[in-house]
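Hi there,

Here is the structure I promised to pass on to you. Please have a look at it first, and then read my notes below.

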Amino acid sequence: MTATIRPFGHDQKRVEDPRMITGQAKYTDDFTLPGMLHLAVVRSPFAHARITGIDTTAAEAMPGVRAVFTGAQMRDAGYGGIPCAWVVPDSGTVTPEHPPLAIDTVRYVGDAVAAVVADNDYLARDAAMAVEVDYEPLDVVTDAHAAHQDGAPQLHADAANNQCFKWTVAGGDIDAAFAEADVTVSERIINQRLVPMAMEPRSALAQVIGSMGEVTLWNTTQNPHIVRFLTSLDTPFPEHKIRVIAPDVGGGFGSKIPHYPEDTMVIYASQLTGAPVKWTETRSENFQATIHGRDHVQDVEMCAKSDGTITGIRATVWANLGAYLSTASTGVPTILHGLMLSGCYTIPNIHEDVYGMFTNTTPVDAYRGAGRPEAVFMVERLVDKVANALDMDPVDIRRQNFIPPFDDGHEVATGLIYDTGNYHGALDLALEKAGYEELRRAQEEARAEGRYMGIGVCTYVEICGLGPSEVAGAVGFGGGLWESAIVRFHPSGKVRLMVGVNPHGQGEQTTFAQVVADQMGVPVGDVDVFYGDTAQTPMGWGTYGSRTTAVAAGAIVGAMEKIKEKGRKIAAHLLEAAVEDIEFDDGKFYVKGSPEAAKTIQEIATAANVAWSMPEGVEPGLEASAFFNPSNFVYPFGAHIAVVEVDPETGEIDFQRYIAVDDCGPIINPMIVEGQVHGGIAQGVAQALWEGVEYDDAGNLLTSSLMDYAIPKAGSFPKFELGHTVTPTEVNPLGVKGIGETGTIGSTPAMYSAVMDALAPLGVEKVDMPLTPERVWRAIEAAKA
Amino acid sequence: MHKAAFDYHRAGSIAEALDLLEANPDARPIAGGQSLLGVMKLRLAAPSALVDLGQIPDLAGISSDGDTITIMAMTTHDEVATSDVLAAHCRVLCETAGYIGDVQVRNRGTIGGSVAHADPAADYPPVLVALGAEIVATSKTGERTIPAADFFVDIFTTALAPGELVTAVKVPVTSGASYQAHRHPASSYAVASAAAVVAMSNGSVGDARLVVGGVTGKPETIAAAGAALVGKEPSEDNIAAAASEVAGALSNPMGDVYASGEYRVHLATIMAKRALAAAAG
Amino acid sequence: MNVTLTINGSTHQGDVEPRMLLVDFIRDVAGLTGTNIGCDTGQCGSCTVHLDGKSVKSCMVLAAQADGSSVTTIEGLASNGTLHPMQEAFRQNHGLQCGFCTPGMIMTAVKLVERNPDMSDAEVRHGLEGNLCRCTGYENIVKSVIAAAKDMGPHSPFEADRAAHRETLREAEEIASRRSE
């Protein structure tokens, strides 16, 4: 055996990069088809209004305009409402009609009203401005809690009090826990609305081949198979006549999971005009018409014993769903949120009621973390408050309440069974990396000098690797959550892996190649990983919920096992040995004890593909397909520590250090995992400090461009200090957990806690996020008064 | 979003630019376009034509006669930031320009375009007023100089008469100046800023000028702050006392989602303190 | 109107509306789609190209304003099949994830390093203020730029200009300090 670097666990440089650093990557908007037309959308300037008339004549007369159409036309042509793919059971969920173009009522600023198709984008947008729509404005409500009150403006006839659902999770005896508690803390938390802001705006290009009854849709999506499935429900095209291609996708963070109205608009437009039609959103449109994330009003309480033992958590949450249900809207504040209220702690009594609310705002769906940040923030904030109430160090209270290390499942009060965990291990490493005791000493000195230094600690566990399909069905998700893979050896011994997931920046084109190379003993460069085309990839449910590696890897490994099995038979045949005697190691098949007379996997691939001499009963070719339905979710965890100093004069926050220890099980590519954590921290810290959507009372988006919605810049951060512990899961054959969302989930509470720790000597107890300088300054002034 | 349609004319000289503007009454001059194209894309402005000043040779360059530095209108922010002449004779302007927007904006945006745009959140206006700069305006009837303090009238409004172009900015050779700004985390425009020029005389303040930007529609000279410092040592207490004049001098402060008027006034006070201290130190 | 540009050494000519942005000329007339459009207010920097040797946001320049100029896009950065050191550094240091901001980021970074090969971490971060990335948290982008600076450093064709500029700045500092004495 030659000593080689195992591909698994190695900083393999990404195979995606060459095209991306040279400008050769192809995003949806980069595609131009012969005769292609451009679509522009007429959007409502009102948050809530009745449409009393749409006059398209002026627009139709403009140069280069090929078609102008409305929702009524689409309906008459057999196009239905945009379906919601998740209906949470036992919650009374109502699913109001969501036409791709509003027909009689608009319900948020940006709601689509009509569409224009023209020779180019400039002309289409000129004509869109010439479409005359008469509106009769209605009363507006944008806040989820306000929407639930008597007398609030009503959005949908079938949703009384604007309530989409009421969902409850309960475990233990919450009333007894509070009755017997020594200390109780409570808070109203506003987990504010965010804009996902993938750098690539959404785009959709449809080409209908009328004679064949077929359509191809190039689409910025995280899950082309789901888009195909849902498109078959709201267009006249059946699923087998729809091909969805997701080329390079420039980030998603959840915002490219949903199937959007514009997908169906370009399909209808192509059908109508007989030409390919493309729509690409502007960033301004993205702010209005691409889903938002978070937006909870949470009334929360936690109770504990005087020794710091936490005994219960109770919450009522109003989750803002926006004006209509997006693809996964209802699952985010319920299954992905409420079930995680035990955090990484033993909390025997839990009760939460979640109200899903319609408001006159952009629809809300999954944004990086999706439900879990809203849960972890809530739990961590209350744990800090209990610690403050009992004058305990935030580290001590966490250690005291941690679920002890476990490797064979641990059931929490919400009914979930966490797979594996060692929360002490991650916290200990984070404290060591941070020099926690030294930091606390430095803080004492700073305070003595009148400086306001703060240290924030967050320990979290999250649920990802979605998930067992039986659970998906039981919780109302309208699809499965398994994955499949095809491994195909070419005659020359090169490999093609086809998967149904759809990476869009996470780097699985590389990590999957590493997994294949590692197990098949071929060079990483010999493996071509393909995804993003429903016509060429096996079925899969997409890339979100930190599931891509955790779930698809099971299918990839399964396919490779079949290849190895078949390879053994062929090798036995060629080596004239018994199949049971054939070993496979590092890309070579050989008879036990005689590794020198080996057949390489490449030789086997050639033999199988030419099929000149196959063993009895063995089919030609070397290809296998496998499906993997995980037995459980996976539960990565970690500990994050933030260090800040607040300028009490201005309220500005100086972000000094950030330490993150995350445990996602065995790491396939450390470089890529660190990159995921970096990006996650950036987004989570941004929620704490800078980002927040604001509407005015009329439902106008006040943070409507990158001029006023502050996503982080390069200068926003110090260098991140990362560490990892490794606790494998039993849920999949590689033992891997997800890493795509941990950074975001852990960092918002850590940063918030650091700022509150800094402000503690000033008497400040609460500031709503984002912690803008003005809010911090006002809190300081209020505490002084 | 896209701009509405318009005509485009490139001027080869100042005279040609003035002719083109006279011939197209709804036309607007465009310099680097870093502000104008932005408002046109959002259709907040829809001129019928643009007259491009960007390639007029006479509008480029920075020169000094020993007392006054003349910065021609099409000098980019980056050229101001990296000007050897300014580094030596009016460093505060280099420092100010070096933080406008970002690298790409500084490569295109010009001092003439910025002052003519008169954005209250821009960085140059308070600095130019504090420096006692003059704006050179050229029209078909000739040239006049307008003190910066008179030039900036209100939000996006200047003392330029119809048919006049900003052709140069003249600043006196100055040391002992500082510009401090609290920047918007998204746009990087100044939310509240202060420019201070302090001349020392035998260990005490001989002259002090303080100008606040970002809070109201134009740069506001805080005369009381300057007066409060003259003849005194620039101690922390004296500077704080001078800066405390800011609030009283500002009325009707602007506010938005990021920063209310009240907070802007507060920030301006802090920026004033820091600018005065840096200018005196 | 007629607009002619030299893009990556080739002449591209188009009869375009005066309102056409440079980025649309690059993408739609010249067919070079490596330059991406990420916003409509000039914040994101995804569309950054070199216009007559300077980094600019091509969505904030009219094609007409650039008429007669020379443009370099991401497609023109590698020479004779050899990646520019900045491109190579981004790959080596995992300076990209989804890749959408990457062309603009690289174009900005190249000019930053050409001007100052000895940037600190903070200087790189300040220099990249006009380029937004949502994936990386910027950490590996900064690392990439600093790594590229080492490779570009003394071999850069701009080194002589930079040395001259640094010398002038030093002189200016001296003059300034003499004045204040």
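A word on the labels before anything else: helices (H or I, at least four residues) and strands (E, at least two) are DSSP runs, numbered from the N terminus. Please also keep in mind that this is a predicted model.

With those labels, Asn8(C) sits in the loop between β1 (2–7) and β2 (10–15) of chain C. As background, most residues other than glycine have a negative phi, and most peptide bonds are trans. Chain C has another such case in Tyr138(C), where phi is near 70°. Tyr138(C) belongs to the loop between α4 (121–127) and α5 (139–152) of chain C.

Are these two residues buried or exposed? Asn8(C) has 19 C-beta neighbours inside 10 Å, so it counts as partly exposed. Tyr138(C) has 27 C-beta neighbours inside 10 Å and therefore counts as buried. The cut-off for buried is 20 or more.

Chain A has cis peptide bonds for you to check. One runs from Leu466(A) to Gly467(A), with omega near -20°; Gly467(A) is in the loop between β18 (452–461) and α14 (469–474) of chain A. Another links Met769(A) to Pro770(A), with omega near -5°, and Pro770(A) is placed in the loop between α19 (742–759) and α20 (773–784) of chain A.

Finally, the contact between chains B and C: chain B gives 26 residues and chain C gives 30 residues. On the chain B side, β1 (7–10), α2 (36–41), α4 (84–89) and α6 (103–108) each supply at least two residues. The largest share of that side, five residues, is from α6(B). Sorted by class, the side of chain B that touches chain C holds nine nonpolar, nine polar and eight charged residues.

Methods. Residues numbered from 1 in each chain as written. Chains lettered and ligands numbered in written order. Predicted model: local features only at pLDDT ≥ 70, side-chain atom pairs only at ≥ 80, totals over all residues. Buried ≥ 20, exposed ≤ 12 C-beta atoms within 10 Å, placed from the backbone. Contact = placed C-beta atoms within 7 Å. Nonpolar A, V, L, I, M, F, W, Y, C, P; charged D, E, K, R; others polar.
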